[in-house]
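This briefing reviews the architecture of one protein chain, topic by topic. Please consult the sequence and the structure shown below while reading.

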Amino acid sequence: MSRKIKQEELETYLWGAATLLRNNIDAGAYKQYIFPLLFFKRLNDVYEEETEKAVAENGSEAADWEENHSFIIPEGYHWNDVRNITQNVGRAIATAFREIEKANRSKLTGIFGEGRIWTNKNRLSDRLLKDLLEHFSTRTLSLENCPEDELGNGYEYLIKQFADDSGHTAQEFYTNRTVVHLMTEILKPESGESIYDPTCGSAGMLISSIAYLKRNHKEWRNVSLYGQEFNALTCSIGRMNLILHGIEDFNISNGDTLAAPAFIEKRKLRQFDLVLANPPYSINQWNRDAFASDKYGRNILGVPPQGRADYAFLQHILTSMKEETGRCAILFPHGVLFRNEESAMREKLVKGDYVECIIGLGPNLFYNSPMEACIMICRITKRPERRGQVLFINAVNEVERKNAQSLLEERHIQRIAGACQKYADDSDFARVVTIKDIEDNNFSLSIPLYVKPASEAAGTDGYSVQEHYDNWKSFSGRMMAYYEKLNEMLREEGKSDA
């Protein structure tokens with residue numbers, strides 16, 4: 001008999017599977033086993049639910065009609081077929097995954113990841129895999145028992161739990177969802193738009209865009225979602241996440257966004273209405289030489305230093321936005337606002353009038369890091385009354401600390417998003433400045449230059465620890481370069497005297 005699973009019960013059930021792996025594998029590896037099994041169980045239970053409905057309406061011959069099923073589960077590879085295996089359980093799981101992928105090539109190719117991880121008995125014994133299968137078998141994950149939104153929320157809960165448990169590996173596939181909520185509240189997705197995340201992780205930003213439309217009672221099924229993710233496992237997790245949320249119109253690609261962008265039309269980057277992104281911060285392992293002569297013309301501001309690819313991602317995003325409707329929200333480290341080695345690119349960014357708003361966030365919103373990040377809002381074509389201006393928001397105090405984690409509550413989100421919408425001065429919280437004002441500050445976008453925090457009254461400068469560190473690092477780098485150049489000149493002078 002069907003019984004709808006309560007949200008708390010669902011969360012306990014999902015996390016219970018992970019606890020079975022404790023003391024057997026590293027916490028950072030839980031996701032590569034738990035997510036595929038959960039996804040398999042969901043596909044199987046929905047298939048059986050659809051079969052029962054088809055038989056009730058059209059007789060037993062309708063059980064296997066493909067038009068009656070969202071996804072196909074081939075005969076011999078259903079959940080119970082695998083559950084009843086007693087030896088080489090991992091091989092049975094991997095085989096079922098491959099057969100399901102083959103039966104659903106247009107939707108599920110590669111989604112279960114690598115099969116060989118299941119056949120290493122030194123890591124996962126038959127007994128442990130049987131325990132996992134039996135645990136998942138204690139609940140029926142049909143649509144009646146567990147509707148898409150509820151299971152999607154449970155999946156998001158599991159992603160967060162894995163982030164909490166694995167710590168140092170968290171940020172590569174999980175961004176604080178309250179920050180993501182803020183970003184979608186600012187950009188306000190519309191029905192029929194195309195939405196893109198070039199470093200999509202587990203697809204949380206894309207899902208948040210759909211959630212925004214649902215909350216505002218707008219049509220969401222006609223929205224096209226696109227994403228690219230470098231890590232193959234994380235890419236698969238993102239695809240599963242979208243499907244479990246009931247989202248069908250999406251295209252998520254595995255690959256390196258800077259080296260090989262996935263979405264190309266007529267030898268140019270495909271352009272989108274809305275872009276949300278949390279690029280990897282200041283990576284130094286990327287092909288700077290290729291970007292210098294980029295065949296897609298993404299280096300519109302210049303070529304970033306090898307040690308920091310932030311402005312490479314920014315330029316990729318700018319060239320991926322539509323002329324009239326294109327807008328983006330990007331999470332960045334504060335250094336992009338003022339670092340000396342990027343000053344020439346920043347000047348072109350400001351003079352090009354791309355930047356609409358800079359928001360400084362509070363500390364500890366990211367896993368295992370006290371770093372304060374900022375959100376950069378850009379548009380290709382600003383509203384006439386906003387042209388030649390940038391709004392700066394100092395939201396460093398708009399944060400709540402709960403259970404050792406920082407988050408934005410709804411009141412914080414509404415205040416920040418409301419200030420973006422109002423686009424006006426607001427005491428020590430927000431200020432609209434002109435491009436000339438920014439030019440007078442050597443095109444620095446450092447927030448304390450424009451929004452004077454209350455702390456300045458107490459004699460402090462208002463800069464974050466991150467800003468002080470990046471300023472020091474930048475200065476140190478310039479001094480080292482100066483001394484190297486001076487020594488080179490002295491050496492050359494010595495040679496000439498000889």
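How closely do the axes of helix α8 and helix α9 come, and at what angle do they cross? In this predicted model, the axes of α8 (residues 177-187) and α9 (residues 204-215) come within 9 Å and cross at roughly 55°. That angle makes α8 oblique to α9.

**The chain as a whole**

- The secondary structure of the protein chain consists of 16 helices and 13 strands.
- Of the 498 residues in the protein chain, 53% are buried.
- When contacts between residues at least 6 apart in sequence are considered, 74% of them join residues at least 24 apart.

**The open sheet**

- Nine strands make up an open sheet with mixed pairing, in the order β3-β2-β1-β6-β7-β9-β8-β10-β13.
- Its edge strands are β3 (250-254) and β13 (430-434), each of which pairs on one side only.
- From one strand to the next, the twist averages 15°.
- Strand β1 (residues 194-197) runs parallel to β6 and is joined to β6 by two bridges; here isoleucine 195 stands opposite leucine 274 of β6.
- Strand β7 (residues 327-333) also pairs with β6 in the parallel sense, over four bridges, and alanine 329 in β7 is the bridge partner of leucine 276.
- Strand β10 (residues 389-395) and β13 run antiparallel and are joined by five bridges; phenylalanine 392 has arginine 431 in β13 as its bridge partner.
- Helix α14 (residues 410-422) lies across β8 (355-361) and β10, and its direction is at about 165° to β10.

**Helices α8 and α9**

- The crossing of α8 and α9 is right-handed.
- On the α8 side, the contact involves Arg177, Val180, His181, Met183, Thr184 and Glu185, which meet Gly204, Met205, Ser208, Ser209, Tyr212 and Arg215 of α9.
- By class, the residues of this contact between α8 and α9 comprise four nonpolar, five polar and three charged.

**Helix α2 and its partners**

- Helix α2 (residues 31-58) and helix α4 (residues 89-103) have axes that come within 12 Å and cross at roughly 55°, which makes α2 oblique to α4.
- The crossing of α2 and α4 is left-handed.
- Pro36, Leu37, Phe40 and Leu43 of α2 meet Ile93, Ala96, Phe97 and Ile100 of α4; the contact of α2 with α4 has eight nonpolar residues, no polar and no charged ones.
- The axes of α2 and helix α6 (residues 126-136) come within 11 Å and cross at roughly 45°, so α2 is oblique to α6 as well.
- The crossing of α2 and α6 is right-handed.
- Ile34, Leu37, Leu38 and Lys41 in α2 meet Leu132, Leu133 and Phe136 in α6, and the contact of α2 with α6 divides into six nonpolar, no polar and one charged residues.
- Leu37 takes part in the contact with α4 and in the contact with α6.

**Buried sites**

- Phenylalanine 136 is located in helix α6 and is buried, with a relative accessible area of 0%.
- Leaving aside residues up to four places away in sequence, phenylalanine 136 touches Tyr13, Ala17, Ile34, Leu37, Leu38, Lys41 and Trp79.
- In helix α12 (residues 310-318), nine of the nine residues are buried, so α12 is largely enclosed by the rest of the structure.
- The buried residues of α12 are Asp310, Tyr311, Ala312, Phe313, Leu314, Gln315, His316, Ile317 and Leu318.
- In strand β6 (residues 274-277), Leu274 and Leu276 point one way while Val275 and Ala277 point the other way, and all are buried.

Conventions. Residues are numbered from 1 along each chain as its sequence is written. This is a predicted model: local features need pLDDT of at least 70, side-chain atom pairs count only at pLDDT 80 or more; totals for chains, interfaces and linings use all residues. Side-chain values use heavy atoms; hydrogens and water are left out. Two strands pair if DSSP finds at least two bridges between them. Axes are lines fitted to C-alpha atoms, for helices over the stretch in contact, and angles run from 0 to 180 degrees between N-to-C directions. Contact means heavy atoms within 4.5 Å. Angles under 35 degrees count as roughly parallel, over 145 as roughly antiparallel, 65 to 115 as roughly perpendicular and the rest as oblique. A crossing is left-handed if the near helix is turned anticlockwise from the far one by less than a right angle, and right-handed if clockwise. Ala, Val, Leu, Ile, Met, Phe, Trp, Tyr, Cys and Pro count as nonpolar, Asp, Glu, Lys and Arg as charged, and the others, Gly among them, as polar. Buried means under 20% relative accessible area, exposed over 50%, partly exposed in between (1.4 Å probe, protein chains only).
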